[in-house]
Structures are given as structure tokens and as C-alpha cells.
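Reader: I am new to this structure and would like to know what lies behind the terms used for it. Please show it first, and then I will ask.

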Amino acid sequence: MREERSTALVDVINGVPFAAGFLPGRSVVALVHHVHKTQWKLIYPGPKGHLGWFLESWLAPRSARRHRVVTVSEASRRDLVQLGYRDERITVVRNSAPGPCQRDAGPAKDPMRLVVLARLVPHKQVHHALLTVQQLAPGFPALTLDVVGDGWSRSALEAMARDLGIDERVNFHGQVTEAEKERVLDHAALMLMPSAKEGWGLVVTEAGQHAVPSIGYRSSGGLKESIRDGVTGWLVDSLEELVLTTASALRDPAEVSRRGHAAKAYAAELEGSDRVGEFETVLRSEFTGRRR
């Protein structure tokens with residue numbers, strides 16, 4: 001007797017869909033971290049961006065209409081519903097860090113050390129972190145910034161740091177090992193998260209594992225859930241507010257420590273949930289529905 005085998009396709013819609021949902025008789029789950037309307041405008045402001053947004057906003061919802069959809073935050077769910085995805089077919093499975101931090105207690109924090117953990121691409125807006133350092137440098141002589149990550153914007157950001165006169169304060173680490181990333185986070189006091197759009201913001205959770213609170217933009221969407229404003233970090237509404245909030249935090253290391261410990265507790269809470277099991281449940285539900 002042959003063992004029955006099943007296959008479920010996961011269509012990862014990262015801006016442009018593979019349109020697997022149009023395949024007849026197949027079990028398909030669409031995975032969407034966030035809607036890319038902001039990114040299309042920032043990266044491809046011309047015809048390419050208009051085409052990309054058409055594919056994401058018109059074709060993708062129609063290809064997934066008969067199938068289950070997984071996203072990572074309630075903010076992304078709302079964006080998807082606005083595009084025409086069926087709300088009752090969407091399941092939120094939040095991001096969580098891959099595992100607990102290997103060390104219960106790292107070395108002492110440097111209260112003047114900021115960190116950015118991101119791909120160096122335009123929509124991550126790492127230049128806002130550079131401008132923050134440049135504006136705060138006169139009042140905080142020991143202020144430094146670690147930029148962990150790589151991408152096509154790196155050379156432009158390095159040039160910007162030189163033009164702003166802060167190149168000696170900014171360390172561009174590039175792509176690093178997990179051990180090196182943990183070492184940098186161990187020493188950091190605050191993470192700046194000036195991204196224009198996030199579905200969740202996994203790096204916020206990773207920083208939280210090291211008791212590093214984050215400052216991010218409320219308008220990004222998912223950061224309103226990965227950062228508990230006033231508890232595990234700060235949400236701000238503009239570059240000016242990012243600068244002012246960073247300055248206020250640097251002047252109050254006790255408050256940074258308090259929110260850092262809360263961020264670590266929140267990260268542990270996320271680690272303790274069964275995200276893989278939640279995703280598997282969606283896959284099984286889609287497969288069962290196809291077989292009926």
C-alpha cells in the first residue's frame with residue numbers, strides 16, 4: 001500500500017508574488033511580511049515602481065483569494081485587508097527570535113553606544129541614524145554608532161558619515177557572524193530603528209534578547225507591536241523626534257536599563273511561543289480544505 005503524500009506550497013510574497021495561488025487544485029499558503037507601497041516609491045520612483053506596486057496590490061490579492069494567508073502583525077493584516085485580501089483567511093503568526101541568548105549576563109553596557117542592525121538599503125533609512133549622531137555629537141562627546149549589516153547603500157552611507165564629520169564615531173561592521181552580532185549587542189545601550197516600513201521588526205526582538213531597547217518610527221506599522229511604547233522602547237513620529245528622544249534616553253541611563261530589561265522579558269515571552277506550530281496549523285488547514 002502506497003503512503004499518501006501531501007504537498008503545500010508557500011508563496012512568499014515579498015513585493016512581487018509568484019502567483020502560485022492560480023495553480024488549480026493546489027494547497028497554497030501566501031506568506032506576506034508587509035506591504036511594500038512605501039518601498040516601491042523609495043527604491044523605484046518611476047515606471048518600475050508603478051509596475052511593482054500593481055503586481056503587489058492587484059495581482060497578489062487575487063492570486064491568494066481562495067487560499068490561506070499568513071502575516072506577522074496586526075498592522076500588516078490591516079494593510080492586506082485594504083488591498084482586498086479576505087480578513088477571515090488571514091492568520092497572524094508573529095516573528096520570534098530563533099532561540100534564547102547564549103549568555104545570561106553580558107559585559108557592562110556602554111551608555112553612549114548606539115546600534116543599527118539592518119540591511120543597508122534605502123527603506124531602512126539608516127541615514128536617519130547618522131543624522132541623529134551628527135546632531136547629538138556636540139553634546140555627547142563619547143557617542144558612537146555601530147552599523148551591523150550590508151547592502152547596496154553601504155558606500156553612500158560611509159560617504160555620508162565622512163561628509164557629516166562623524167566617520168570616527170561610526171563603525172560599519174558589514175555582514176557579521178552570529179557571535180559577532182551578539183558581541184556588538186552586548187555592549188550597546190540603545191538600538192535605533194528608523195525603517196520606513198516593517199512587518200514586525202525581528203531585529204527589535206534580537207536586540208531585546210540583549211536588554212537593548214529600541215527607538216523606531218510609529219508609521220512603520222509593525223514596530224507598534226514589536227516595540228511596546230513606553231515599556232520596551234520608544235515610538236516616534238519624525239526624524240526631529242528621533243533625535244530628541246535619543247538625547248533624552250542618553251541622559252537617563254536608568255530608564256534605558258529599565259526598558260532594556262522589559263525588552264528582554266518581552267523577547268523571552270516571544271521565544272516561549274510555538275510559532276512553528278502555529279504555521280504548521282495553517283498549512284494543515286489549507287491542505288485539508290483543498291482535499292474536501
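Reader: Which residue just after α7 takes a positive phi?

Author: A211 does, with a phi of about 60 degrees. The model is a predicted one.

Reader: What makes α7 largely enclosed by the rest of the structure?

Author: A residue is called buried if its relative accessible area is under 20%. In α7, 7 of the 8 residues are buried, so the helix counts as largely enclosed. Those buried residues are V203, V204, T205, E206, A207, G208 and Q209.

Reader: What do the buried residues of α7 pack against?

Author: They pack against the strands β5, β8 and β9, and against the helices α6 (178-187), α8 (223-226) and α10 (253-271).

Reader: Why is L202 called partly exposed?

Author: L202 belongs to helix α7, which spans residues 202-209. The relative accessible area of L202 is 31%, so L202 is partly exposed. With neighbours within four places in sequence left aside, L202 is in contact with N95, S96 and A97. E168 is 34 residues from L202 along the chain, and their C-alpha atoms are separated by 28 Å.

Reader: Is H34 buried or exposed, and how do you know that?

Author: The cut-off for buried is under 20%. H34 has a relative accessible area of 12%, so H34 is buried. This residue sits in the loop between β2 and α1 (37-43). Not counting residues up to four places away in sequence, H34 touches Q39, E56, S76, K197, E198 and G199.

Reader: Why does F54 count as partly exposed?

Author: Its relative accessibility is 42%, and therefore F54 counts as partly exposed, that class lying between the under 20% of buried and the over 50% of exposed. F54 is part of helix α2, residues 47-63.

Reader: Which residues make the nonpolar surface patch?

Author: L51, F54 and W58 make a patch of about 320 Å². A patch residue needs over 30% relative accessible area, and F54 has 42%. As for the spacing along a helix, an α-helix has 3.6 residues a turn, so residues three or four places apart point the same way.

Reader: What makes β7 and β10 edge strands?

Author: The open sheet of 6 strands has the order β7-β6-β5-β8-β9-β10, with parallel pairing. β7 (170-174) and β10 (233-236) each pair on one side only, and they are the edge strands. On average, neighbouring strands of this sheet are turned by 20 degrees against each other, direction ignored.

Reader: Which helix lies across β5, β8, β9 and β10?

Author: Helix α9 (residues 239-250) does, and it runs at about 155 degrees to β10.

Reader: What are the edge strands of the open sheet of 4 strands?

Author: The order there is β1-β2-β3-β4, with parallel pairing. β1 (8-12) and β4 (90-92) are the edge strands, each pairing on one side only.

Reader: How many bridges join β3 to β4?

Author: There are 3 bridges between strand β3 (residues 68-71) and β4, which run parallel. At least two are needed, so β3 and β4 count as paired. V70 stands opposite T91 in β4. Helix α3 (residues 74-83) lies across β2 (27-32), β3 and β4, at about 165 degrees to β4.

Definitions and conventions: Residues are numbered from 1 along each chain as its sequence is written. This is a predicted model: local features need pLDDT of at least 70, side-chain atom pairs count only at pLDDT 80 or more; totals for chains, interfaces and linings use all residues. Side-chain values use heavy atoms; hydrogens and water are left out. Patches are made of residues with over 30% relative accessible area and no salt bridge: like charges are joined within 9 Å, nonpolar side chains (Val, Leu, Ile, Met, Phe, Trp, Tyr) within 5 Å. Accessible areas come from the Shrake-Rupley method with a 1.4 Å probe; for residues, only the protein chains shown count as cover. A salt bridge is a side-chain nitrogen of Lys or Arg within 4 Å of a carboxyl oxygen of Asp or Glu. Buried means under 20% relative accessible area, exposed over 50%, partly exposed in between (1.4 Å probe, protein chains only). Axes are lines fitted to C-alpha atoms, for helices over the stretch in contact, and angles run from 0 to 180 degrees between N-to-C directions. Contact means heavy atoms within 4.5 Å.
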